[in-house]
Amino acid sequence: MQPDLIGGRYRVQEAIGQGGMGTVWLARDETLNRDVAVKQVGLLPGESATDSARAMREARSSAALGHRNVVTVFDVVEEHGSIWLVMERVLGRSLADLIDAEGSLDPARVARIGAQVADGLAAAHAAGTIHRDVKPGNVLVGDDDVAKISDFGIARQAGDPTLTQSGFLTGTPSYFSPELARGAEPGPATDVWALGATLYYAVEGRPPYEQRSNPVAVLHDITSGRPPRPQRADFLDPALQRMLDPDPESRWTMRDAAHALRRLADGHRERTRPLAAPGAVTATRVDTPAPSAPPVEAAPRERRRRGAWAALVALLLLAVVGVAAYALTRDDKGADGSARSSSTGTTKDTPSQTPSHSTKPSPSPSPSRSSSPSKSPSSSPSGTGAAGSGTSAADQEAFLRDYFAKAPGGTDAAWAMLGPGEKAQGRDSYDRFWRTIRSVDVSQVDTTDGGSNPVATLSYHTTDGRDSTERKRIELIRQDGQYLINSDVPAG
């Protein structure tokens with residue numbers, strides 16, 4: 001039986017959930033006049049008293065973070081020999097309850113939820129705390145779709161002694177990583193796997209491994225092979241595969257996952273935004289009246305305009321014939337041939353441009369996001385074309401979007417996607433630039449030339465609030481069947 005009043009100020013009202021380490025109750029803080037959630041830390045198998053050390057550790061782990069996507073612990077109270085955690089009340093449901101009610105969720109929504117939870121866990125990892133029990137029941141989704149990770153009841157900080165009892169398995173076996181299932185010590189990579197498995201469950205409506213009554217059988221399945229490929233993940237599938245990488249050394253870090261999931265969610269929202277009609281004004285000002293409709297007599301004027309155009313076309317045809325005849329009488333290697341070659345796209349007499357490092361803006365980018373890059377570059381860098389003309393334009397675009405989702409902040413995952421040309425700059429230089437970038441929007445990807453040098457519009461948003469937009473031609477090469485970015489140059 002729970003007491004009616006905890007700590008002389010928290011009035012217990014009703015049970016609202018079951019955490020991994022105890023029942024969660026709704027209570028009223030009579031001092032601050034607000035609703036809170038309180039949790040009595042329960043007994044673990046083999047214990048004769050409440051595990052107060054575990055409760056205090058959860059309080060320290062959660063309270064020290066102060067992160068928007070981590071459930072805040074307000075207070076720790078000892079009442080009648082029991083430890084109670086006083087936490088913020090989240091108006092919403094756990095991810096497990098949400099899926100039970102609605103079924104599998106849309107990949108875009110899962111990406112948004114996952115990015116938030118990954119942000120909170122990345123903050124925990126930076127503080128030296130490993131959650132160790134990431135699962136759908138511990139992800140709280142508010143009515144405003146703000147997601148928070150809860151229940152640090154078995155979290156452990158670096159340097160803390162283990163409190164696991166002999167023969168007692170802490171955590172939820174269905175969300176164990178392969179290395180944890182084999183008996184290795186938990187680390188940040190095990191939380192990444194567990195979050196990947198949680199998002200897999202959210203998008204598929206089932207966990208990555210079949211649930212069994214015998215937890216040992218589940219652990220055997222996890223160590224025996226990768227989970228089945230998700231069928232409903234759509235654009236989220238590559239991210240899930242990286243988070244569920246069986247090798248913890250090559251698995252994404254939580255920071256990588258947060259970056260990628262956020263950019264995937266933002267990119268999907270951008271791609272699904274309704275397109276404006278051709279020529280439509282998209283600026284936010286609405287105080288300028290629209291131009292009046294054309295007058296009725298526009299039809300005769302249009303006929304006159306068509307006649308003028310026909311005459312102009314005839315003159316142009318005559319000019320073309322004249323130029324062609326003149327060209328036949330000239331040696332195409334005359335003294336002024338280099339100037340004419342430049343105008344037709346041949347660049348052998350023009351000094352090549354130096355690619356800017358790591359597909360980042362030129363030293364003096366346009367200060368405004370609304371700048372209008374030219375639709376086609378004035379010249380094309382030769383490039384190696386190693387990606388081959390037979391490659392898929394959709395694959396190239398997907399690769400570029402994936403790279404620019406990972407690159408902000410400077411990540412190992414993005415660095416691994418560079419070829420030798422880009423890596424020649426050195427990792428320190430690469431990280432110095434990308435640490436100043438908060439995010440990159442990728443739009444207007446042009447792969448119509450069928451080669452390995454797609455052109456993309458890149459909008460950079462810096463950590464100090466500045467924006468810039470550039471059009472880049474990016475050289476792609478292939479190595480071991482994978483794309484790599486080898487160089488980039490401005491494309492107009």
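This is a predicted model: local features need pLDDT of at least 70, side-chain atom pairs count only at pLDDT 80 or more; totals for chains, interfaces and linings use all residues.
Where is the place of Ser 439? Ser 439 sits in strand β12, residues 437–446; helices (H or I, at least four residues) and strands (E, at least two) are DSSP runs, numbered from the N terminus.

Residues are numbered from 1 along each chain as its sequence is written, and side-chain values use heavy atoms, with hydrogens and water left out.

**Overview**

The protein has 14 helices and 15 strands. Of its 492 residues, 44% count as buried, where buried means under 20% relative accessible area, exposed over 50%, and partly exposed in between (1.4 Å probe, protein chains only). The accessible surface comes to about 25600 Å², and 53% of this belongs to carbon and sulfur atoms; the areas come from the Shrake-Rupley method with a 1.4 Å probe, and for residues only the protein chains shown count as cover.

Ser 439 is in contact with Arg 263, Pro 408, Ser 459, Tyr 460 and His 461, leaving aside its neighbours within four places in sequence. Contact here means heavy atoms within 4.5 Å. Strand β13 (residues 455–462) has eight of its eight residues buried, so it is largely enclosed by the rest of the structure. Both of its faces are covered, with Val 455, Thr 457, Ser 459 and His 461 buried on one side and Ala 456, Leu 458, Tyr 460 and Thr 462 buried on the other.

Seven bridges join β12 to β13, and these strands run antiparallel; two strands pair if DSSP finds at least two bridges between them. Ser 443 stands opposite Thr 457 in β13. β13 also pairs with β14 in the antiparallel sense over seven bridges, with His 461 opposite Asp 467 in β14. β13 and β14 form a hairpin with four residues between them, and Gly 465 in the turn has a positive phi of about 90°. Ser 468 lies in β14 (residues 467–479); Ser 468 and Val 440 are 28 residues apart in sequence and 9.7 Å apart in space, C-alpha to C-alpha.

| Residue | Relative accessible area |
|---|---|
| Asp 151 | 9% |
| Ser 468 | 8% |
| Ser 439 | 5% |

**The sheet β7-β9-β10**

An open sheet of three strands has the order β7-β9-β10, with antiparallel pairing. β7 (92–94) and β10 (147–149) stand at the edges with a single partner strand each, so one side of each is left without a neighbour in the sheet. The twist averages 25° from one strand to the next. β7 pairs with β9 (residues 139–142) over three bridges, and Arg 93 has Val 141 in β9 as its bridge partner.

Asp 151 is placed in the loop between β10 and β11 (156–157). Its side chain makes a polar contact with the side chain of Lys 39 (3.0 Å); such a contact is a pair of N or O atoms within 3.5 Å, where, within protein, one must be able to donate a hydrogen and the other to accept it, and residues adjacent in sequence count only if both atoms are side-chain atoms.

Notes: Axes are lines fitted to C-alpha atoms, for helices over the stretch in contact, and angles run from 0 to 180 degrees between N-to-C directions.
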